[in-house]
There are 4 protein chains.
Amino acid sequence: MTTDLEELAVRLREFVRVREWEQFHTPKNLAMALSGEVGELVAEFQWLTADESQHLDDEALGRVRAEIGDVTLYLIRLADVLGIDLVAAAHAKLDESARRYDPALYRGSARKAPPATN
Amino acid sequence: MTTDLEELAVRLREFVRVREWEQFHTPKNLAMALSGEVGELVAEFQWLTADESQHLDDEALGRVRAEIGDVTLYLIRLADVLGIDLVAAAHAKLDESARRYDPALYRGSARKAPPATN
Amino acid sequence: MTTDLEELAVRLREFVRVREWEQFHTPKNLAMALSGEVGELVAEFQWLTADESQHLDDEALGRVRAEIGDVTLYLIRLADVLGIDLVAAAHAKLDESARRYDPALYRGSARKAPPATN
Amino acid sequence: MTTDLEELAVRLREFVRVREWEQFHTPKNLAMALSGEVGELVAEFQWLTADESQHLDDEALGRVRAEIGDVTLYLIRLADVLGIDLVAAAHAKLDESARRYDPALYRGSARKAPPATN
């Protein structure tokens, strides 16, 4: 079965191939491109209050959606060239966080837990 | 049908709910958290040559996988609190790039196209 | 006359020279290192309210000072290898912003001005 | 004696004051703005080889200078609202790195040293 993410990865591969852009798509360069797009996403929120960030008007939401689209594309592409399974990597980190952040100790708290020791 | 991404979004919602962390998860804060994780990802590549970034040893690949996991989690969570469909947003941006970057004009070139006009 | 910034740039040059690190300090790599450090700085503020970010306790302020130190070092080093005068570059951008943001039009507003045209 | 950096900090304070923008300039928001500008700086280098990043043409160098100007302004402003001395913070971190990175052990190496213990 092909998932939504695999379909995007395949579409990106073809997009890059027909433009002969593989030469630019090293993991190093893709990490930079991802970082640049996240910078644009952060910039959308920089002067907003917490409350305003939760009630974006349609225009702002459209810009944020576009930036999130860019971030998603570079993240999928980076994982693809590295042979990393995004979904598995995310579940593994969430497993780790579930162990580190015992709800009884961290309920309602933004404190950082000590590093994982597994 | 529940996709891999929806499953992660639902798992994250529950992870956050039992810890009463919704109060921290404004779009503004999540964009910052995403940015911090991307900073850690970029740091993994900063002193590597292009070639080295394509041939990571197992230890480096493990660290990169973990950072990509963190980035994916915050990206999914941010999209979820904003009600944005990650996959649709990514396809929309790729549609736009396919229009802006005519293969005949941009083959093998890293030039930036003029902004989209549609 | 040697300014504080020139003194730091010279001290950094010597620090890098005795370690034979010039090979790593390309503008591309230094921009990445700067980005990684800014990610750590942003992470210090990600779960804080606006008000909390204005009243850091001594421990948090110490961490933020250390991150700001790192950011400053990489920024100075990047400008140095590119032969860019940081202070002149900053004044030039502030001149531009002073022209773009007429106080009568932008007082108390976080709206973005149209791009500079000069 | 007023240094170049103090002069910029004072000029920024006045620029902000006449526009009544102090309300937006919390440390949290300024860290985000800094991050956004660093994202634009990184984007200038993302598709360049190491070598190309060392030989920018005048147009690219002009764009990089402008981004470095923006980064410098937000860094100075952030340090100013927090009451942090940029230059002292940078020297303190360079002192720490000089202790952690013994030239005899790290000459020509991009390995990361263990965390400082002072």
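**Helix packing and chain contacts in a predicted model**

Good morning. In chain D of this predicted model, helices α1(D) and α4(D) are roughly perpendicular to each other, a term that covers angles of 65 to 115 degrees. Helices here are DSSP runs (H or I, at least four residues), numbered from the N terminus.

Two packed helices are described by the angle between their axes and the distance between the axes. For α1 (residues 4-18) and α4 (residues 58-82) of chain D, the angle is about 85° and the axes lie 9 Å apart. Axes are lines fitted to C-alpha atoms over the stretch in contact, and angles run from 0 to 180 degrees between N-to-C directions.

Contact means heavy atoms within 4.5 Å. On α1(D), the contact is made by L5(D), L8(D), A9(D), L12(D), R13(D) and V16(D), and on α4(D) by L73(D), I76(D), R77(D) and D80(D).

Local features need pLDDT of at least 70 and side-chain atom pairs count only at pLDDT 80 or more, whereas totals for chains, interfaces and linings use all residues; side-chain values use heavy atoms, without hydrogens and water. Residues are numbered from 1 along each chain as its sequence is written, with chains lettered from A and ligands numbered from 1 in the order in which they are written.

Let me turn to α4 in chain C. At the start of α4(C), a side-chain oxygen of D57(C) comes to within 3.2 Å of the backbone nitrogen of E59(C). After α4(C) comes G83(C), with a positive phi near 70°.

Finally, the chain contacts. Chains B and A bury about 5,700 Å² between them, 73% of it on carbon and sulfur atoms. Buried area is the accessible area (1.4 Å probe) that two parts lose on being put together, summed over both. This contact takes 64 residues from chain B and 64 from chain A. Between chains A and C, about 510 Å² is buried, with six residues from each chain.

Key:
Helix = DSSP H or I, 4+ residues; strand = E, 2+ residues; numbered from the N terminus. Parallel < 35°, antiparallel > 145°, perpendicular 65-115°, else oblique. Polar contact = N/O pair within 3.5 Å; in protein donor to acceptor, adjacent residues only side chain to side chain.
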